[in-house]
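Reader: Please take a close look at one part of this model and its surroundings, and keep the account connected. I would like the cut-offs behind each term stated as you go.

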Amino acid sequence: MAVPGQSAGESRDTAAGTMEFPRHDGIGVEDQFGSSLNTRLRAGNIWRSASALLVFIMAGCGAQYRPVVNPVRPTGPSPAPTAYAVAITQPDGTEAGVATVLDFSGDTVLAQATIGNLPLDFTLDIAGATAYTIDRDGSLSDIPISTSLQTKNVLTSTLTANSVPINTTSGTGNLYVVDASSNQIDVLTGSPPGLKQALQLPVGLINMAGRSASSRFYAISQLVGTPGVASPCANPASVTTNGVASALETSTFSISATIPVGICPVYGLQSADGLRTFILNRGSGTVTVIDTQKNALDTQFNPSATFTLPAGPVYGELYDTTSQLVTANYDSNTISVIDVSTDTFDNDSPQFGTIHNVPVGNGPSSVTVLQDGSRAYVANSKDGTISIVNLSTYTVEKTIVLPVNQDGTTPHPRMVASSYNFPTGKIYVTSPDSENLVILRTDTDTVSTTLQLQGNLIDVRITRQNANASSQINNNSYSPGNGVPCTPGTVPTQLSTNPTACQLENPTP
């Protein structure tokens, strides 16, 4: 048997016998490679022996080091922040209201609890962790929002004697309650909230405007009517008196200025940066603009400091990303999209006050803007529809007719709220004459689910309107009455003797 590395004719004795080493093509292997392969084989044997010895020594010294490889796994998207929808209902034939917590992603009821008697409306704190309802029996309910909510978790505060709470606004560490019987703002703090201070305001006090963390809020007074008697602004066309907005300093709980606004002011809201406050005047068809920093009318864009709109602005929402104010104009069946942007020096921008008016359904009472800024959804309370408005073209893309009630009647939607989380958002619609919470999908703009809750719906709010944000943005309640539109079913029969009960308006087209 030939072994490489040995010349032909040579032989070597091995344990297997004698091996012959033939030549290759007549040339010795030594000649072919220029050196002796035998030397190489011997060197290789020495190396292998040394390696084996090294392994043996290492094994004898203990366990060998074996490198550990940890795979680099791709990082997935962060979990979506928890977002809930919170609905307040009034069961028929009872006084106690019901709070319902719903899962945003699955549209399922997570928890329910009995709350105070005859709830009128409610607000959420800045974190969306606690709801506060104002109740017509002169009490206030403190409701922790969680999946484990039970009636025993609801705390109740008794407001001042003979008080008639009609609206509430949450601030950082404080809660402000509008008492229509005495034209007072009750400042409450703690849990359950207790009275800290009461501030006397001008007659016709109806609501407040301000963001939760703001250092300055504005109390809105209509300057008409008598405490304990329904406001003439229930019929705004009959009123000629202008209202006022009183600046409330949250650091001292004092009134620092009184600013004139329009006729029958009914609602107000403040920009996220706190630079501007907007008061909606239903009677004069205007929005009064206040420079919050200067605590005075903003006359930069025009001497009157007002936006002139179609008749009846009653509700608004701010889309902070592009600085757009969208108002629902109840008496003219329109919405208005208004540029309210400021420049780097906090002055009004050149575009400030640019207005686009869009015809919608009959009796728009509220509006909500998707947090991608693409569309606005409008609740038309008189015809039972939702108008979907494109905020780029300022046109109605679609009109959705809401499902009928259990008795076959048409619902009259009053409030609409949105929660946006790409790729699908949800729109929640409540009607005061319906037990149905109607939920729309924003990717298809169709009715996704209709949930029958316990009692007629008063309001619905979202703990995070933008699912990627750490707070909710709408902290002012929007109770019916005193010029704020009402629809059938808003005022229970138990309240027929309540002097602040709003007049029911004709729901027919």
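Author: The link of C233 and C264 is left-handed, with -90° about the S-S bond. The two sulfur atoms are 2.1 Å apart, and this is the one disulfide in the structure (a pair of cysteine sulfur atoms within 2.5 Å). The pair links distant parts of the chain, 31 residues apart: C233 sits in the loop between β15 (216-221) and β16 (242-249), and C264 in the loop between β17 (254-263) and β18 (265-270). Strands here are DSSP runs of E with at least two residues, numbered from the N terminus. Both cysteines are buried, meaning under 20% relative accessible area, where exposed is over 50% and partly exposed is in between, with a 1.4 Å probe and protein chains only.

The model is predicted: local features need pLDDT of at least 70 and side-chain atom pairs count only at pLDDT 80 or more, while totals for chains, interfaces and linings use all residues. Residues are numbered from 1 along each chain as its sequence is written, and side-chain values use heavy atoms, with hydrogens and water left out.

The part to look at closely is a sheet. It is open, with four strands in the order β6-β7-β8-β9 and antiparallel pairing; two strands pair if DSSP finds at least two bridges between them. β6 (119-124) and β9 (155-158) each have a single partner strand and stand at the edges, so one side of each is left without a neighbour in the sheet. From one strand to the next the twist averages 20°, with axes fitted to C-alpha atoms and angles run from 0 to 180 degrees between N-to-C directions.

Strand β7 (residues 130-135) has six of its six residues buried, so it is largely enclosed by the rest of the structure. In a regular strand the side chains alternate between the two faces of the sheet. In β7 both faces are covered, with T130, Y132 and I134 buried on one side and A131, T133 and D135 buried on the other.

The largest has 67 residues, of which I185 and F307 touch the most other members. A second, separate core of 16 residues includes L124 and A131, along with V86 and A113. In soluble globular proteins, nonpolar side chains tend to be buried together.

F307 is also among the residues in contact (heavy atoms within 4.5 Å) with T286, neighbours within four places in sequence aside. T286 lies in strand β20 (residues 286-291) and, at 12% relative accessibility, counts as buried. The side chains of T286 and S284 are joined by a polar contact of 2.9 Å, that is, a pair of N or O atoms within 3.5 Å, one able to donate a hydrogen and the other to accept it, where residues adjacent in sequence count only if both atoms are side-chain atoms.

Conventions
A nonpolar core is a set of buried Ala, Val, Leu, Ile, Met, Phe, Trp, Tyr and Cys residues joined through side-chain atoms within 4.5 Å.
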